[in-house]
Amino acid sequence: MDKKLLKLKDVGLIYQSKNGETEAVKNFNLDVNDGEFIAIVGPSGCGKTTMLSILSGILKTTSGNVLIDGKKLEESNAYIGYMFQKDELFEWRTVWQNIMLGLEIKRQVTDEQKEYAKTLIEKYGLKDFANKKPRELSGGMRQRVALIRTLVLQPQILLLDEPFSALDFQTRLSVCDDVYSIIKNENKTAVLVTHDISEAISMADRVVVLTQRPASVKKIFKMDIAGETPLKRRESPKFSLKFNEIWRELDK
């Protein structure tokens with residue numbers, strides 16, 4: 001039986017402003033299994049990124065609960081990693097220094113953590129670039145550095161907010177394969193927010209379609225598509241069928 005790592009139960013969020021209240025999220029329910037890759041898609045402005053802010057603890061829910069391993073988010077010791085739309089690397093720091101930044105901020109730089117960081121750098125092809133500056137790297141390699149910077153903190157859950165949107169199409173395809181393989185190899189639970197249906201289908205175990213604001217779960221699609229990588233999945237005959245199913249749901 002799959003272990004439920006993340007559970008959103010009747011989650012709601014209401015923004016307060018001078019002009020009154022805005023209901024952003026309503027009765028949001030979702031279970032995510034340990035090691036599962038979930039993609040969230042929905043109409044523009046429906047609250048996809050808001051959901052990531054709730055999952056990360058940046059925004060507090062108005063109602064309902066976010067549970068990690070059965071504990072409320074605010075009571076859990078779990079670390080949640082967050083990859084933004086841009087890699088947010090510091091240009092004056094080397095690749096190694098950028099990867100170590102989170103550990104420095106959290107004051108967790110130990111010999112053991114350094115060895116783990118070195119293992120990740122070597123494992124994912126960055127050993128020869130450890131002393132380079134970000135400007136010397138390709139867009140895809142920069143995203144790889146950003147991901148390893150997050151993974152070195154050993155998050156239980158990884159949140160990805162359209163992390164490939166700044167890349168050109170060809171690079172996106174390659175980087176999707178890179179990021180997917182790293183996340184799966186490290187057995188991380190991931191939640192991806194994207195406006196790109198093809199990207200969602202190629203990477204996720206399940207695709208969650210949201211309603212118009214206030215956001216709630218409209219429908220969940222299981223991605224039973226053969227292929228070891230996102231690029232291979234795109235070659236499957238089922239790919240276009242899944243695309244059309246999800247597109248129709250979004251267009252209702």
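A residue is called buried when its relative accessible area is under 20%, exposed when it is over 50%, and partly exposed in between. The model described here is predicted.

## Helix 5

By this criterion, Arg172, Leu173, Val175, Cys176, Asp177, Val179, Tyr180, Ile182 and Ile183 are buried in helix 5. Several elements contribute to the cover of these buried residues, including strand 3 (37-41), strand 7 (157-161) and strand 8. Helix 4, helix 6 (197-203) and helix 7 (230-234) are also among the covering elements. Helix 5 has 17 residues, which should span 24 Å at 1.5 Å a residue; the 24 Å between its end C-alpha atoms agrees with this.

The N-terminal end of helix 5 is capped by aspartate 168, which has a side-chain oxygen 3.2 Å from the backbone nitrogen of glutamine 170. After the helix comes asparagine 187, with a positive phi near 55°.

Arginine 172, a residue of helix 5, has a relative accessible area of 12% and is therefore buried, since that value is under 20%. Apart from neighbours within four places in sequence, arginine 172 is in contact with Phe164, Ser165, Leu167, Asp196 and Glu199.

## Helix 3

Helix 3 covers residues 111-123, which makes 13 residues. From its first C-alpha to its last, helix 3 reaches 18 Å, close to the 18 Å expected at 1.5 Å a residue. The buried residues of helix 3 are Gln113, Ala117, Leu120 and Ile121. Viewed down the axis of helix 3, these buried residues fall within an arc of 100°, so they line one face of the helix. On the other side of helix 3, Asp111, Glu112 and Glu122 are exposed. The cover over the buried residues of helix 3 includes helix 2 (95-105) and helix 4 (139-151). Glycine 125 follows helix 3 and has a positive phi, near 75°.

## The chain as a whole

The chain contains eight helices and 10 strands. Its radius of gyration is 18 Å, close to the 18 Å that the globule rule gives for 252 residues, so the chain is as compact as a globular protein of that length. The C-alpha trace spans about 50 × 45 × 40 Å along its principal axes.

Of the 252 residues, 50% count as buried. Among contacts with a separation of 6 or more, 71% are between residues 24 or more positions apart. The accessible surface of the chain is about 12800 Å², and carbon and sulfur atoms account for 47% of it.

## Backbone features in the loops

Glutamate 88 and asparagine 187 each have a positive phi although neither is a glycine. The table sets out their values.

| Residue | Phi | Relative accessible area | Class |
|---|---|---|---|
| Glutamate 88 | near 55° | 47% | partly exposed |
| Asparagine 187 | near 55° | 54% | exposed |

Glutamate 88 is placed in the loop between strand 6 (80-83) and helix 2. Asparagine 187 lies in the loop between helix 5 (169-185) and strand 8 (189-193).

A further backbone feature is the cis peptide bond that joins arginine 213 and proline 214, with omega about 0°. Proline 214 belongs to the loop between strand 9 (206-210) and strand 10 (217-222).

## Threonine 49

Threonine 49 is found in helix 1, which comprises residues 48-56. With a relative accessible area of 33%, threonine 49 is partly exposed. Not counting residues up to four places away in sequence, threonine 49 touches Tyr82, Asp161 and Val193. With aspartate 161 there is also a polar contact, made between the side chain of threonine 49 and the side chain of aspartate 161 at 3.4 Å. Threonine 49 and serine 76 are 27 residues apart along the chain, and their C-alpha atoms are separated by 22 Å.

Note on methods. Residues are numbered from 1 along each chain as its sequence is written. This is a predicted model: local features need pLDDT of at least 70, side-chain atom pairs count only at pLDDT 80 or more; totals for chains, interfaces and linings use all residues. Side-chain values use heavy atoms; hydrogens and water are left out. Helices (H or I, at least four residues) and strands (E, at least two) are DSSP runs, numbered from the N terminus. The expected span of a helix is 1.5 Å times one less than its number of residues. Buried means under 20% relative accessible area, exposed over 50%, partly exposed in between (1.4 Å probe, protein chains only). The arc is that of the directions from the helix axis to the C-beta atoms. Contact means heavy atoms within 4.5 Å. The radius of gyration is taken over C-alpha atoms; the globule rule is 2.2 Å times the number of residues to the power 0.38. Accessible areas come from the Shrake-Rupley method with a 1.4 Å probe; for residues, only the protein chains shown count as cover. A polar contact is a pair of N or O atoms within 3.5 Å; within protein, one must be able to donate a hydrogen and the other to accept it, and residues adjacent in sequence count only if both atoms are side-chain atoms.
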